[in-house]
Amino acid sequence: METATPPPSATHTTTHPSHRRTLIATIVVAVLLIAAQAGIIWLVSDEEMKTLLSDVLSPIASLLAAGALFWAARRSSLISRKLGQAWSLFALALFVYFLGDVTWAIIEVALHQERFPSLADIFYLAYYPFLIIGVFILPRIPIIAQERTKLILDMVIIVVAVALGYWVTLIGPLIHTGAEGTPLSLAISVAYPVLDMLLLFTLVSLLARPMSVQRQLPIYLLAGSAAIMALADSIYGYQNLIRTYISGSWLDLVWMIAYILAGLAGVVHGLNMRQDEVSFE
């Protein structure tokens, strides 16, 4: 077991004024982004302008979230190399999603080409492995064999229930609906809910076993972001397959919330890094 001793400032329990200002500024930016996305969806009547504004705002939000996570990774590496690697993978997950948003905007607004399937889907799907691997390498508190067996059984029950739910509500209908479509569009549409299941399984393991970090709030924020992203991506895949997805719809607001939660996770985690006494496997 590797034990990291925090610097002297880590024993301070009083929130530093600069930390408080950073957190307040982050919350203000989050509120502005949500308000801007909601305004685009419900106040802009011109469809072309709505698409343009939404395609510009989404990459900004995803890049800000990735930046916050990269900052958290850098702060984490000062405490533990393993923790820094995990948060670097979280940051890369949001960064490739940002690349997907940029690619989507170019294809839709500049080139006016078919949006699904497209190069953007490669970046969107790449989000999953980065996040899943990052979760698996997070330092965890060791547990005894008896607790490990109970944890595995609980996770199997949850995963089976989730898999059945996904098959009935998404994967089965996707295969049936996409039978007449191209094999590529069907494969990509099915890939989203399948990867969502793997991601949800990973999130269950993340929340079920205690982290070796005292502050759990960043983990909950990150898990919430990933769960919302998984839901939005599954709906996106289904809507694209049946040709009902429209840029600037309510689904863009769901993605915005996922970006904001990921960014908040990075900021809160980064601010806490010098305040916690952390021990790692």
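Here are some questions and answers about the predicted model shown above.

User: Happy to start simply: how many helices and strands does the secondary structure of the chain come to?
Analyst: This is a predicted model in which local features need pLDDT of at least 70 and side-chain atom pairs count only at pLDDT 80 or more, while totals for chains, interfaces and linings use all residues. Residues are numbered from 1 along each chain as its sequence is written, and side-chain values use heavy atoms, with hydrogens and water left out. Helices (H or I, at least four residues) and strands (E, at least two) are DSSP runs numbered from the N terminus. Along the sequence the pattern reads β-α-α-α-α-α-α-α-α-β, and the totals are eight helices and two strands.

User: What share of the residues in the chain is buried?
Analyst: Buried means under 20% relative accessible area, exposed over 50%, and partly exposed in between (1.4 Å probe, protein chains only). Among the 281 residues of the chain, the buried share is 49%.

User: Is the Tyr97 and Tyr124 pair stacked, edge-to-face or tilted, and why?
Analyst: Rings of Phe, Tyr and Trp (its six-membered ring) pair if their centres lie within 6.5 Å; planes under 30 degrees apart count as stacked, over 60 as edge-to-face and the rest as tilted. By this rule there are 14 aromatic pairs. The centres of the Tyr97 and Tyr124 rings are 4.6 Å apart with their planes at 45°, so this pair is tilted.

User: How many residues apart in sequence are the parts tied together by that Tyr97 and Tyr124 pair?
Analyst: Both partners are buried, Tyr97 with a relative accessible area of 1% and Tyr124 with 6%. Tyr97 lies in helix H3 (residues 81–111) and Tyr124 in helix H4 (residues 119–137), so the parts joined by the pair are apart in sequence by 27 residues.

User: Which helix does Tyr124 reach through its pair with Tyr236?
Analyst: Tyr124 and Tyr236 pair edge-to-face, at 6.3 Å centre to centre and 75° between the planes. Tyr236 is buried, with a relative accessible area of 2%. Because Tyr124 lies in H4 and Tyr236 in residues 217–241, the pair ties together parts 112 residues apart in sequence, and the helix of Tyr236 is H7.

User: Which helix gives the most to the nonpolar patch?
Analyst: The patch on the surface consists of Val29, Met49, Leu52, Leu53, Val56, Ile60 and Leu64. Patches take residues with over 30% relative accessible area and no salt bridge, joining like charges within 9 Å and nonpolar side chains (Val, Leu, Ile, Met, Phe, Trp, Tyr) within 5 Å; a salt bridge puts a side-chain nitrogen of Lys or Arg within 4 Å of a carboxyl oxygen of Asp or Glu. Val56, one of the members, is partly exposed at 45% relative accessible area. With six residues, the helix that gives the most is H2.

User: Where is His112, the residue with a positive phi?
Analyst: Most residues other than glycine have a negative phi. Phi of His112 is near 55°, and His112 is exposed, with a relative accessible area of 63%. Its place is in the loop between H3 and H4.

Notes:
Accessible areas come from the Shrake-Rupley method with a 1.4 Å probe; for residues, only the protein chains shown count as cover.
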